[in-house]
Amino acid sequence: MRNITLENITQAVIEHGDQGKTHPRLYEIYASLIRHLHAFVQEVNLTEQELSLLRDFIIRADRYTKEIPNGEIHMLLDVLGISELVVLLHNNSSTATESNVEGPVYVADAPERNMGDRLGIDPDGNTLFLSGRVLDRNNKPIANALVDVWQSNSKGLYDLQEASQPKGNFRGRFRTNSDGSYAFETVVPIGYTIPSSGPCGDLLRLLGRHTLRAGHIHFKLSAAGYIPLTTQIHIDGDPHLDSDTTFAVRSAILKLQKHEAPDKLNAYNQSKPFYTAEFDFVLQPSDEQTDAA
């Protein structure tokens, strides 16, 4: 492969190898990526100094684990809008609950909890009783669906970020009742700053972008015969619903109802004002799933 020039280097890189004979889909992605990357480099006339800065940024992002273990690369894809874009490309059902990004703080095997249990410990938080149903697209209940929930506390911190929180705090897995219902007690999550002391934070500051997420609760739902759903519901009235730094706010908005009357406080065994909200999830049958790969 001699006499490489500005005109032929892109095609030379694409054709180096078996050109998709071993892994056709990988080659399709690779070839397109090379074309776009090479076009980008030429469009912006990237300098060697700028390329060196890019290398340093990628190395730092790969090694940075101070605030969320292994979360920096995940956050980078989120703040560039790539994570949400991929979700949008494949969220092709208009009759099921919208899917959304998982984020970098999901933990598998969260504590199993009983219906109505409190999700975490946070004496300073505003109590929220959240309930609803898991349904099919004909409004029929889905019994024994797994509802996996995780969220930050009232200070905007997850258990992975704060040593004072017990492991599994504000995480839990529930099974729906025969009528598809779920219910648990938690606190109202607030918007928070994504971990920003690493290279992702540096990038956002250099671009004049803020690091704030709107308040939200994450969910993973699964049931036999249905496509698993990963989503998040955002809190109505949050000041960053229209400027979330991961571009993850869509139409799933949770409207809270505040209660402070004495009879309501007594009925819910609360000593201070609290909130209730309802949200139903609709799952898509697995026999309608299309595989784009």
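Buried, as I use the word, means under 20% relative accessible area, exposed means over 50%, and partly exposed lies in between, with a 1.4 Å probe and protein chains only. Helices (H or I, at least four residues) and strands (E, at least two) are DSSP runs, numbered from the N terminus.

This is a predicted model, in which local features need pLDDT of at least 70 and side-chain atom pairs count only at pLDDT 80 or more, while totals for chains, interfaces and linings use all residues. Residues are numbered from 1 along each chain as its sequence is written, and side-chain values use heavy atoms, leaving out hydrogens and water.

First, the whole chain. There are seven helices and twelve strands in the protein chain. Its C-alpha atoms fill a box of roughly 85 × 45 × 30 Å along the principal axes. Of the 293 residues, 44% are buried. Contact means heavy atoms within 4.5 Å. Among contacts between residues at least 6 apart in sequence, 71% join residues at least 24 apart.

On the record side, UniProt has an unreviewed entry that lists residues 101-285 as "domain: Intradiol ring-cleavage dioxygenases". UniProt positions are in the numbering used here, feature names are shortened, and annotations may be inferred rather than shown by experiment. Over residues 101-285 the chain is 8% helix and 30% strand, with the end C-alpha atoms 20 Å apart.

Now the helices. In α4, residues 72-79, the buried residues are Glu72, Met75, Leu76, Asp78 and Val79. They lie on the same side of α4, because they cover an arc of only 160 degrees around the axis. That arc is taken from the directions from the helix axis to the C-beta atoms. The cover over the buried residues of α4 includes α3 (48-63), α5 (82-90) and α6 (199-206).

Turning to α6, Pro199, Cys200, Gly201 and Leu204 are buried there. The buried residues of α6 pack against α3 and α4.

Asn45 sits in the loop between α2 (24-44) and α3. Phe170 sits in the loop between β2 (146-150) and β3 (171-175). Buried or exposed? Asn45 is exposed, as its relative accessible area is 61%, whereas Phe170 is buried at 0%.

Leaving aside neighbours within four places in sequence, the contacts of Val187 include Phe170, along with Arg118, Asp122, Leu128 and Gln151. Asn126 is also among those contacts; the C-alpha atoms of Val187 and Asn126 are separated by 5.2 Å, although the two residues are 61 apart along the chain. Val187 counts as buried because its relative accessible area is 0%.

Last, His234, which belongs to strand β8 (residues 229-235). Its relative accessibility is 0%, so His234 counts as buried. What does His234 contact, once neighbours within four places in sequence are set aside? Among its partners are Asn100, Arg213, His216, Asp244 and Leu254.
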